[in-house]
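Below is a set of questions and answers about one protein chain. Please read them with the sequence and the coordinates open.

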Amino acid sequence: MTLAPQKEPESLSFKNNMAEEVVLLDYWPSPFGTRARIALAEKGISFIHKFEDLSNKSHLLMKMNPVQQRVPVLVHKGKPVCESDIIIQYIDEVWNHSFPLLPSEPYQRAKARFLVDFINKKVHESSVKVWMGAKEEQENGKKELLEWSKFLEGELGDKLYFGGDVFGFVDIALVPFYNWFIVFKTFANFNIIETECPKLVMWGDRCLNRDSVSKSLPTTDQVYQAYLEFKRGWAHG
């Protein structure tokens, strides 16, 4: 099953001298690839955006990530950086001319890393159940996602973003999945009800209104079309 690569938005296809130094190997529906896009956009980094066909992986991807052979991969000056959360931290450390994506205080940095690990394991795994699971598994995934959403809302509290007043690491890690949650309403009757998680819903809307996010995320229609393609491929696999 093959999803046709989508044409990259012009806003992500920067053309200047710096672009030759930074390449992002990506797959357009990937929430992990989206994280890298958002981080680069937040820092104003020029890059060449190469979408992968995961049914026919490029020689460059296999060369730059020979063990896992998966996206995203950030190639900077010919050297690969793999795994989205590591890519975000690398971007933050190398391009430190603008505001940081991670907190400067050690405990807050550790807490942010814990929350991103929680999102990678709990939120991602439950989202996959909703995305790909049969009815019972899908229902379990929805229950888990509501539980995780309540936990994350507790961590957010009354802050604008997870790090306080500044958009950062945890926000970048979570918002691609929040975009999935919106699509889950269409085919899985899943909704983060405002009465249950109103602060998380407001946070999500706030993030979606940021240029770095809105220009990096696939549209909800694109995500839904990807879901239909996955389902068709699964049925005929």
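Predicted model: local features only at pLDDT ≥ 70, side-chain atom pairs only at ≥ 80, totals over all residues.

Q: In what order do the strands of the open sheet lie?
A: S1 and S2 run parallel and are joined by four bridges. S1 and S3 are also joined by four bridges, but run antiparallel. S3 pairs with S4 in the antiparallel sense. The four strands of the open sheet, with mixed pairing, have the order S2-S1-S3-S4.

Q: Which strands are the edge strands?
A: The order of this open sheet is S2-S1-S3-S4. An edge strand pairs on one side only, and this holds for strand S2 (48–51) and strand S4 (79–82). Neighbouring strands are turned by 20° against each other on average, direction ignored. The edge strands are S2 and S4.

Q: Which residue of S3 stands opposite Leu25?
A: On S1, Val23 and Leu25 point one way, while Val22, Leu24 and Asp26 point the other way. Towards S2, Leu24 stands opposite His49 and Leu25 stands opposite Lys50. In S3, the residue opposite Leu25 is Val73.

Q: How many residues of S1 are buried?
A: Residues point both ways from S1: Val22, Leu24 and Asp26 to one side, Val23 and Leu25 to the other, and all are buried. S1 is therefore mostly covered, a residue counting as buried under 20% relative accessible area. Of its five residues, the number buried is five.

Q: What angle does the direction of H1 make with that of S1?
A: H1 packs on the sheet. The strands that H1 touches are S1, S2 and strand S3 (73–76). The direction of H1 makes with that of S1 an angle of about 155°.

Q: How far apart are the end C-alpha atoms of helix H1?
A: Helix H1 takes in residues 31–43, which is 13 residues. At 1.5 Å a residue, H1 should therefore span 18 Å. The distance between its end C-alpha atoms agrees with this, at 19 Å.

Q: Which residue has a side-chain oxygen that reaches the backbone nitrogen of Phe32?
A: The contact lies at the start of H1. The oxygen comes to within 3.1 Å of that nitrogen. Past the other end, H1 is followed by Gly44, whose phi is positive, near 70°. The side-chain oxygen at the start belongs to Ser30.

Q: Is Glu42 buried or exposed?
A: Glu42 has its place in helix H1, where eleven of 13 residues are buried. The relative accessible area of Glu42 is 12%. The cut-off for burial is under 20%, so Glu42 is buried.

Q: Which residue has a side chain joined to that of Glu42 by a polar contact?
A: Leaving aside neighbours within four places in sequence, Glu42 is in contact with Phe99, Leu101, Phe167, Arg210 and Ser212. One of these has a side chain that meets the side chain of Glu42 in a polar contact of 3.1 Å. That residue is Arg210.

Q: Which element gives the largest share of the largest nonpolar core?
A: Of the 59 residues in this core, Val123, Phe162, Phe181, Phe184 and Trp203 touch the most other members. Elements that give two or more residues include strand S1 (22–26), H1, helix H4 (106–132), helix H5 (135–156) and helix H6 (169–188). The largest share is 14 residues, and it comes from H6.

Q: How many residues are in the other core, which lies apart from this one?
A: Members of the other core include Tyr27, Val71, Val73 and Val75. Val73 and Val75 point one way from S3, whereas Leu74 and His76 point the other way, and all are buried. The number of residues in this other core is nine.

Q: What percentage of the residues of the protein chain count as buried?
A: The protein chain holds nine helices and four strands. Contacts between residues 24 or more positions apart make up 71% of those with a separation of 6 or more. Of the 237 residues of the chain, the part that counts as buried is 47%.

Methods
Residues numbered from 1 in each chain as written. Heavy atoms only, no water. Expected span 1.5 Å × (residues − 1). Buried < 20%, exposed > 50% of the residue type's maximum accessible area, 1.4 Å probe, protein only. Polar contact = N/O pair within 3.5 Å; in protein donor to acceptor, adjacent residues only side chain to side chain. Core = buried A, V, L, I, M, F, W, Y, C linked by side-chain atoms within 4.5 Å. Pairing = 2+ DSSP bridges. Axes fitted to C-alpha atoms, helices over the stretch in contact; angles between N-to-C directions. Contact = heavy atoms within 4.5 Å.
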